[in-house]
Amino acid sequence: MSTLNLGILAHVDAGKTTLTERLLYAAGVIDEIGSVDDGSTQTDSLALERRRGITIKSAVVSFVVGGGTVNLIDTPGHPDFIAEVERVLSVLDGAVLVISAVEGVQAQTRVLMRALQRLRIPTLIFVNKIDRAGAHDQRVLRGISEKLTKAIVHMGAVSGLGTRGAGYTPYGAADAGFTSALVDLLAQHDDALLAAYVDESVSYRRLRASLAAQTKRALVHPVFLGSAMTGAGVEELVAGITELLPATEGRAGGPVSGTVFKVERGPAGEKIAYVRMFSGTVHTRDRLGFGAGKEGKVTAIAVFERGSATARDSVSAGQIGKLWGLNEIRIGDAVGTAPAAPAERHFSPPTLETVVLPRRRGDMGALHVALTQLAEQDPLIDLRLDEIRKEMSVSLYGEVQKEVIQATLADDFGVDVTFRETTTICIERPVGAGAAVEIIDTDPNPFLATVGLRIEPAAVGSGVEFRLGVELGAMPYSFFKAVEETVHETLRQGLSGWQVTDCVITMTHSGYWPRQSHAHQGFSKSMSSTAGDFRNLTPLVLMDALKRAGTRVYEPMHRFRLDIPAETFGSVQPAMTRLRAVPLTATLRDSTYLIEGEIPAARVHELHRRLPALTRGEAVLESAFDHYQPVRGAAPTRPRWDHNPLNRKEYLLHVLRRV
């Protein structure tokens, strides 16, 4: 049986969880459609999700349609939980992007569509809520064409728009306008189809076949309309999913290869890994390799089929399974022997951070354990322990995420916490090139290692690249590995305390003392280099090179879209100026102003707070991370959470105490 791993993606409140319920109902998996407001949906299973009425964690459900299995993954729509969406994208065969017929294309819709296009994930678009007052099909379709992609084809017509009786009728071979639009769109990627159309020899069957082929290659995006609440258009969407998206058979007998996209803890605290299998078969009691050379024994397996996960003896290519027994496994790990491509960032990193404090001082240990487990489920919160101040910090996408972390710590771990003020996460980039070297057995180097490093600026968005400018065989590989790992760790805090990125680090010098001993004695650490020598020396050399290169601090900027009543523009504009928001366009439409521009991420929350009073509560603000720009004026600094390699004396004292 073929399997389609299908993601449901949307801006918050577009109706994707309700659509998931409707699809399960149509497939006979559930007898009654759950309600987001009542907290009775299949995929919003967390108590916190039911209370808030939003999806926080991705969830998998399964149903059978057209002789194949669909593993449907419902993802969060709120931008604060975009990390959950990011992890899901790597395991999808196709996607349905849900857009509200009332609100139209929104900020998160654009962010999601860009990621789907970048990854070439075949995507159908479902315009939901055609039964709602204020629904406008043509305006939304124009918005999709203008803001998302012009490679769309409308698959049917709406009747009774904006009423409870709204319906959807699919186009067919007899609809000349539809077939003509299909030819115009598909011929852009199919010269043979265009030639046949000119010769008047194109059958409707051939058009549908070409539509399916190009949709599966993510060249075109069919658009369906309907209502998840009433069921209008859902049958046509299901038919489109079956016909137009690429199911996979997989190679059950091939080498084992899969990706971990979610980790959770069971009732007894056991770790459970959600794995999408691309090839091969994993059985219970198999010893399974994963991550960087790790291995564990699979003690239990559950496979998603006909609803939720069911206990099975194995999980095979194409399927999604839950694996028990792999205690060291992490999100993003590749499983099996087949190589996997390195993880790629699809969305911007978190731009906010805060310090988490237990209300009861005695809960510090319990808080660390709890946050460590939350970091297993969401590595992008980037838990950091300040060894000097004995404080813990996490990275955030927004204030809602902070509230969810607070509620989760209280509900699941019994730890009441408070937070310091949320601050912006900046980055540092090298201004120029810098180099430094320390030679073994030469003052002031106290370590049995020679390390030389050069740092240079690299293209924006390229991250950190480590290169060898010396022969790989010049010393044991473990020593080179120790230097590379320590380079990445050290660059988490640069000259101003922010993460250093977009640079190339080249190792220019290396040297070591091989294993030696005194006469008739065993190995002597005082005469032989170890990986620890390289780990301890590398921060000193790297920060010396970074000081010579210099860095500039950059702050995150959001692109915003603001709708306000026209008569409030005079009040809103000065407030935007004070918050350093820069309007790029301002368009008067009927009685409203549409303003698009840029604003520092640090000011977005304050703008949200001020707008209701300035616009009688009628403002609609959307924003999303766009880029980093140099900080004007004095650059902000971040307290160091480690022992500062910029202060050589302090750093060496710390190393000596640790040894």
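**Reading a predicted model: a dialogue**

Guide: Threonine 284 is in contact (heavy atoms within 4.5 Å) with Val298, Thr299, Ala300, Ile301, Arg312 and Asp313, leaving aside its neighbours within four places in sequence. This is a predicted model, in which local features need pLDDT of at least 70, side-chain atom pairs count only at pLDDT 80 or more, and totals for chains, interfaces and linings use all residues. Residues are numbered from 1 along each chain as its sequence is written, and side-chain values use heavy atoms, with hydrogens and water left out.

Visitor: Where does threonine 284 lie?

Guide: Helices (H or I, at least four residues) and strands (E, at least two) are DSSP runs, numbered from the N terminus. Threonine 284 belongs to the loop between β12 (281-283) and β13 (287-290).

Visitor: Does threonine 284 count as buried or exposed?

Guide: Buried means under 20% relative accessible area, exposed over 50%, and partly exposed in between, with a 1.4 Å probe and protein chains only. Threonine 284 has 14% relative accessibility and therefore counts as buried.

Visitor: In what sense do β26 and strand β27 (residues 450-457) pair?

Guide: Two strands pair if DSSP finds at least two bridges between them. Here β26 and β27 pair in the antiparallel sense, over five bridges. Glycine 434 has isoleucine 455 of β27 as its bridge partner.

Visitor: How many disulfides does the structure hold?

Guide: A disulfide is a covalent bond between the sulfur atoms of two cysteines; the criterion here is a pair of cysteine sulfur atoms within 2.5 Å. The structure holds zero disulfides. Cysteine 426 is in none, and the nearest cysteine sulfur, that of cysteine 503, is 17 Å away. Cysteine 426 is buried at 5% relative accessibility, and cysteine 503 is buried with a relative accessible area of 1%.

Visitor: How many helices and strands does the protein chain have, and how compact is the chain?

Guide: The protein chain has 16 helices and 34 strands. Its radius of gyration is 28 Å, close to the 26 Å that the globule rule gives for 659 residues, so the chain is as compact as a globular protein of that length. The radius is taken over C-alpha atoms, and the rule is 2.2 Å times the number of residues to the power 0.38. Buried residues make up 52% of the 659 residues.
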